[in-house]
Amino acid sequence: MAARIPVGLVGVTGYTGMELTRVLAGHPGLELVRATSRSEAGKTLASLYPYLSGPGDLGRMGALTVTQPDPADLAASCKLVFLAVPHKTAQEIAAALIEKGVKVVDLSADFRLRDKDTYEKWYATPHTQAKLLAEAVYGLPELYRAQMKQARLIANPGCYPTSAILGLLPALEQGLVRTDDIVVDSKSGTSGAGRKAGVGTLFCEVSDTFRAYNLTRHRHTPEIEQEVSLLAGETVALSFNTHLLPINRGILSTIYTRLAKPLSLAEAHAIYAERYKDEDLVRVLPLGTLPETRFVRGTMFCDIGLAVDERIGRLIIVTSIDNLCRGASGQAVLGANLMLGLPETQGLPLAPLMP
């Protein structure tokens, strides 16, 4: 059996870091040899996450001691490093690692936007690595698989953008819908807000209620517009609206578009099924079936359902993903697999966490 490839994780204490440890714990080709946290250095992974206790590889991973983030140590120990840290923090770490010959998958927003000015406008902070910004590959395999295999730096897509872009991809590629009337209405579980304590995500503030937030100003808006504009071959401005669900994990996006010409539901479904027939991680559901978050929980799948309102000429696209797995950590591991020459879906969870 071939030795597993050593990888590191910067930022092990957030939800994306936690999910990365879950995915890597069962990965036959990757071995987590460094996990870093400024606040929890000196502790073992098992003391932070008791599920990393037990025999064999699981116990060995749990026994790993958390260290302070040190690019020199990471470079000496790892072939690839995952950056599960906030935006702005990732820029300098990524640059230091790449300079030392280490591949990087960045889960922050620091390298997703190709235009430096757009990044600085939406994230209100300078971008100091413009050269790497131009080099980074957007880590959505359905669009950039070939480029990801050659990349030194992958910008892991945001969770909301993954659900929106995959939903719109066939419609825009085939010119099925107008580009001037697209509304993306998305709902996410509370883990999408991160693990940092805040009043807005307290149990009593989230349970038994449903609310919209960041209307007209969500930072994922330019990321979605960037990618769908490339698909459409023209500049697309859309309405992106977000809501907080009283669930832990999952995203459901309902995308409202206006048809460019009359189209039946059967015709639309056939186009989507053809586009994704060779994509293992996108499931175009049978006619009459719409996605639910529970059926993708903890998995890498994006489920897609369709409806056509012929009365008013709209194609309605519904997508569902797990925001932590397909929308973050699992997708990062998929990117690492491609960068390191491993099978694309190796070690990735495909059965949902039930019930």
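The side chains of E223 and Y138 make a polar contact of 2.6 Å; a polar contact is a pair of N or O atoms within 3.5 Å, where within protein one must be able to donate a hydrogen and the other to accept it, and residues adjacent in sequence count only if both atoms are side-chain atoms. This is a predicted model, in which local features need pLDDT of at least 70 and side-chain atom pairs count only at pLDDT 80 or more, while totals for chains, interfaces and linings use all residues. Residues are numbered from 1 along each chain as its sequence is written, and side-chain values use heavy atoms, with hydrogens and water left out.

E223 sits in helix α11, residues 221-232. Helices (H or I, at least four residues) and strands (E, at least two) are DSSP runs, numbered from the N terminus. E223 is buried, because its relative accessible area is 1%; buried means under 20% relative accessible area, exposed over 50%, and partly exposed in between, with a 1.4 Å probe and protein chains only. Leaving aside residues up to four places away in sequence, E223 touches R112, L113, Y138, P157, G158 and P161, where contact means heavy atoms within 4.5 Å.

**Aromatic pairs**

There are 4 aromatic pairs in the structure. Rings of Phe, Tyr and Trp (its six-membered ring) pair if their centres lie within 6.5 Å; planes under 30 degrees apart count as stacked, over 60 as edge-to-face and the rest as tilted. One of the pairs is formed by Y49 and Y51, which are stacked at 5.8 Å centre to centre with 20 degrees between the planes. Y49 is buried at 3% relative accessibility, whereas Y51 is partly exposed at 35%. Y138 and Y144 form an edge-to-face pair, because their ring centres are 6.4 Å apart and their planes stand at 90 degrees. Y144 is buried, with a relative accessible area of 13%.

**Cavities**

On a 1 Å grid over the protein atoms alone, a cavity is a set of points where a 1.4 Å probe fits but cannot get out, and a pocket is an open set with protein on both sides within 12 Å along at least five of seven lines; lining residues have an atom within 4 Å of a point. Grid points are joined across faces, edges and corners, and a volume is the space filled by probe spheres set on the points. The count is 2 cavities of 30 Å³ or more.

Y138 also belongs to the lining of the largest cavity, together with F111, R112, L113, R114, L133, A136, V137 and A155. R112 and L113, in that lining, are also among the residues that E223 touches.

The second largest cavity is lined by L265, H269, L285, P286, L287, G288, T289, I304, G305 and L306. Helix α12 (265-275) and strand β12 (302-309) are the elements that give two or more residues to this lining, and β12 gives the most, with 3 residues.

R283 lies in strand β11, residues 282-284, and is partly exposed at 29% relative accessibility. R283 and D303 are 20 residues apart in sequence, but their C-alpha atoms are 4.8 Å apart in space. Not counting residues up to four places away in sequence, R283 touches F295, V296, F301, C302, D303 and I304, and I304 is one of the lining residues of the second largest cavity.

The largest pocket is lined by 49 residues, of which V85, P86, G192, A193 and G194 are the closest to its centre. Its lining draws two or more residues from each of α1 (15-25), α5 (89-99), α9 (159-173), β8 (211-213) and α13 (325-339).

The second largest pocket is lined by 20 residues, with Y15, T190, S191, I247 and N248 closest to its centre. α1 and α10 (203-206) each supply at least two residues of this lining, and α1 gives the most, with 4 residues.

**Volumes and lining classes**

For the table, Ala, Val, Leu, Ile, Met, Phe, Trp, Tyr, Cys and Pro count as nonpolar, Asp, Glu, Lys and Arg as charged, and the others, Gly among them, as polar.

| Space | Volume | Lining residues by class |
|---|---|---|
| Largest pocket | about 1600 Å³ | 19 nonpolar, 24 polar, 6 charged |
| Second largest pocket | about 370 Å³ | 9 nonpolar, 6 polar, 5 charged |
| Largest cavity | about 40 Å³ | 7 nonpolar, no polar, 2 charged |
| Second largest cavity | about 40 Å³ | 6 nonpolar, 4 polar, no charged |
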